[in-house]
Amino acid sequence: MKKPRNYSPFALGVLLLVIAAVSTVAQAQTFSVLYNFGANSGDPLAPDLPGIVAQGRDGNLYSTTISGGATNGGAVFKITPAGTLTVLYSFDGTHGFFPYGGLTLGTDGNFYGTTYAGGTSYSGGSNGWGTVFKVTASGRLTVLYNFTDGSDGAWPYAPPIQGKDGNFYGTTTLGGTQGNNGTIYKISPSGTFTPIYQFDYTHGSDAFAPLVQGIDGNFYGTTGFGGSNGNGIVFKITTAGEMTVLYNFDGTHGANPYGSLVQGSDGNFYGTTRAGGTGYGVVFKITPTGALTVLHNIDGNTDGDTPLVGLVQGTDGNLYGVNSGIQLDTLGNIFKVSLKGSYSVLYNFDGTTGSNPKATPFQHTNGTIYGDTNRGGTGSQGCGGCGVFYSLTGNLRAFVSLLPYSGKVGKTIEFLGQGFASSTTVSFNGTLARPTVKSGTYLAAAVPNGATTGFVRVTTSSGTLTSNKKFRVTPQIKSFGPTSGPVGTVVTITGVSLTQTYEVTFGGVKATTFTVNSDTQVTATVPTGAKTGKISITTAGGAATSATSFTVTL
């Protein structure tokens, strides 16, 4: 039997401030309130989970709130790193209501998100089933899709994310054809919509968080409920909709993961659960194959309680997150945890500086961590204490962010950062590229010939900025010869970006002998047991498969 939901889409985030916490700042960390929501009439109000913050090409930050704006149906806003806020769009019902999710930046420079309710189904007594929308940096909004509560799903919380194929992938909390448990969908930048998976409770229910695309090309995510124990799951899904449940939460190792996953620099995924463990939620690590480890049990005391959203890995290698404080009616905090599980509280909200944070923290390319709270602050227009937008500065290095983090030679990659000028240089793991500087915070460069998988470095007059993640150069197979032969035949494979080859297969059987001759050529010996089939090469940047098959003869 499906577990009853204990939340209301219109009441989430409406909490009274009943306990005052002592505000402390860890050494070398400086907390600042940049903006009090409700400071001005028509302000955005009460940002809620997952509340994803996106950095634009202009270096400003963009997100959404579930209420406020001109019609109190939620708003899209822009805020500068110094705290100047601008309302870009106020939702009106017909174009959606209650945008919980925040925004993600697309390669076209626009932002993409969802509304929980509203759309063309909004009329009279109906609240509507929600929308997928696109919005420009200047606030021009286009509805890409209106949910119908059919096989497409209904009531999405999370914004869709852009996959390596250019399409966007997202989740809904309800709807679908398998008992109203939600869906996973694909949508093109122009609005062509395709459901790719129907949650059935056994395989998860109520996906509140956005997906994340792993370095293997698959998508990974969580559901707040469902699974074999009803406590939620971690799952993997291919672009074609093939689902694998990686882990069923059991309470002891956490329960109800509302937040998104983040893939760490070690290749594992990290996240939180809102409940379970030995106290009030956990921070966990899970491998791509599903081995889960609890890194830290949130104790409900000095640790805080109830993390509702995901984590961000800072450029110091640590993970940063927030506790909402909603189970114990505390005010919430910001914490740091290492990949080994060393945990420390960085800041305790005190009401005046915000309370009950429900948005995933975000690290700007300037090194500063930004986020917002659902309640607290000193704003009084529209509601009393409807959250703050904050910054947390420390000794985190500045960096460059890439969109996307993988691609073939010749693909144009976008860079976000600061200090870009005509003299700026770019290198992909040591191989120079020719950048086109668009502004001081945005440039583009094509992946150069000879580039290998590794960190990208951008050198400006102020110094060198290194990407926060490795860029993965996708290999290509152009041809091979001969096209047939017995075991022991030496086959010459030609292509692009083959320098870092570490595996060659014939029909799925690994070659025990191969030589990387150059970036464009590999020679491999057909192994014992090889089967007629396609040749595949795997490098540090991914895998490439031949267009035609090699025929194994007797």
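Modeller: Pro50 is found in the loop between strand S2 (44-45) and strand S3 (54-55), where a strand is a DSSP run of E covering at least two residues, numbered from the N terminus. This is a predicted model, in which local features need pLDDT of at least 70 and side-chain atom pairs count only at pLDDT 80 or more, whereas totals for chains, interfaces and linings use all residues. Residues are numbered from 1 along each chain as its sequence is written, and side-chain values use heavy atoms, with hydrogens and water left out.

The peptide bond that joins Leu49 to Pro50 is cis, with omega at about -5 degrees. A cis bond also joins Leu403 and Pro404, again with omega of about -5 degrees, and Pro404 lies in the loop between strand S33 (401-403) and strand S34 (406-407). These bonds deserve a remark because most peptide bonds are trans, just as most residues other than glycine have a negative phi.

Pro50 leads on to Ala158, which touches Pro50, Gly101, Thr114, Thr171, Phe208, Ala209 and Pro210 when residues up to four places away in sequence are not counted; touching, or contact, means heavy atoms within 4.5 Å. Ala158 itself sits in the loop between strand S13 (141-146) and strand S14 (161-162). With a relative accessible area of 0%, Ala158 is buried, a class defined as under 20%, with exposed over 50% and partly exposed in between (1.4 Å probe, protein chains only). From Ala158 to Thr244 the C-alpha to C-alpha distance is 20 Å, and the two are 86 residues apart in sequence.

Phe98, in the loop between strand S7 (85-90) and strand S8 (104-105), has phi near 60 degrees, and Phe98 counts as buried because its relative accessibility is 17%. Asp329, in the loop between strand S27 (319-323) and strand S28 (333-337), has phi of about 55 degrees, and Asp329 counts as partly exposed because its relative accessibility is 38%.

Finally, Gln213 belongs to strand S18 (residues 212-213). Its side chain reaches the backbone nitrogen of Lys164 at 2.9 Å, which is a polar contact, a pair of N or O atoms within 3.5 Å; within protein, one must be able to donate a hydrogen and the other to accept it, and residues adjacent in sequence count only if both atoms are side-chain atoms. A polar atom of the Gln213 side chain also lies 2.9 Å from the backbone oxygen of Gly217.

Terms used:
Helices (H or I, at least four residues) and strands (E, at least two) are DSSP runs, numbered from the N terminus.
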